[in-house]
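Reader: I have a new model open on my screen and would like to learn how to read it. Could you walk me through it?

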Amino acid sequence: MSAQKKGFDEGRLMAVLVAPIVSEKATMVAEKSNAVTFKVLQDATKPEIKAAVELMFKVEVKGVSVVNTKGKTKRFGKTIGRRDNIRKAYVTLQPGQELNLSGEAA
């Protein structure tokens, strides 16, 4: 298996991808450049993200771009708090590859 070849721990790879991001922007990016957007762990590396997507979804990944977003400061009455920082991964798939995130069996 490719994940074992590169020396990644399979349990770690299962935890790297936190959740898919479904938003207008993510949908536009998916249509334009065949890329899928995921929320990932703060300390996840690009090779780990690539290996995790290939392992979990059985697709070929062309490239991975990562964005760190600071959490917004929010108020609730007198209390001031902050949202968590988010690390987003834009995973570009090879031409002809497709990822089904709707949860239905193929």
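Predicted model: local features only at pLDDT ≥ 70, side-chain atom pairs only at ≥ 80, totals over all residues.

Reader: Which residues in β6 are the bridge partners of threonine 37 and valine 40?

Author: Threonine 37 has tyrosine 90 as its bridge partner in β6, and valine 40 has arginine 87.

Reader: How many bridges pair β3 with β6?

Author: Eight, and the pairing is again in the antiparallel sense. As an example, valine 66 has alanine 89 in β6 as its bridge partner.

Reader: How many helices and strands does the protein chain have, and in what sequence do they come?

Author: The chain has four helices and six strands. Starting at the N terminus, the elements follow one another as α-α-β-α-β-α-β-β-β-β.

Reader: Now to a single side chain. Is glutamate 54 buried or exposed?

Author: Glutamate 54 counts as buried because its relative accessibility is 18%, and the cut-off for buried is under 20%. You will find this residue in helix α4 (residues 46-57). For the chain as a whole, 27% of the 106 residues count as buried.

Reader: What does the side chain of glutamate 54 reach?

Author: It reaches the backbone nitrogen of valine 61, at 3.2 Å.

Reader: Let's end with pockets. How should I think about them?

Author: The general idea is that a probe the size of a water molecule, rolled over the atoms, shows where empty space is left. Here, the second largest pocket has a volume of about 150 Å³.

Reader: Which residues line the second largest pocket?

Author: The lining is made up of Thr69, Lys70, Gly71, Lys72, Arg83, Asp84, Ile86 and Lys88. Sorted by class, that gives five charged residues, two polar and one nonpolar.

Definitions and conventions
Residues numbered from 1 in each chain as written. Heavy atoms only, no water. 1 Å grid on protein atoms, 1.4 Å probe; cavity = no way out; pocket = protein on both sides within 12 Å on 5 of 7 lines; lining within 4 Å. Points joined across faces, edges and corners; volume = space filled by probe spheres on them. Nonpolar A, V, L, I, M, F, W, Y, C, P; charged D, E, K, R; others polar. Helix = DSSP H or I, 4+ residues; strand = E, 2+ residues; numbered from the N terminus. Buried < 20%, exposed > 50% of the residue type's maximum accessible area, 1.4 Å probe, protein only. Polar contact = N/O pair within 3.5 Å; in protein donor to acceptor, adjacent residues only side chain to side chain. Pairing = 2+ DSSP bridges.
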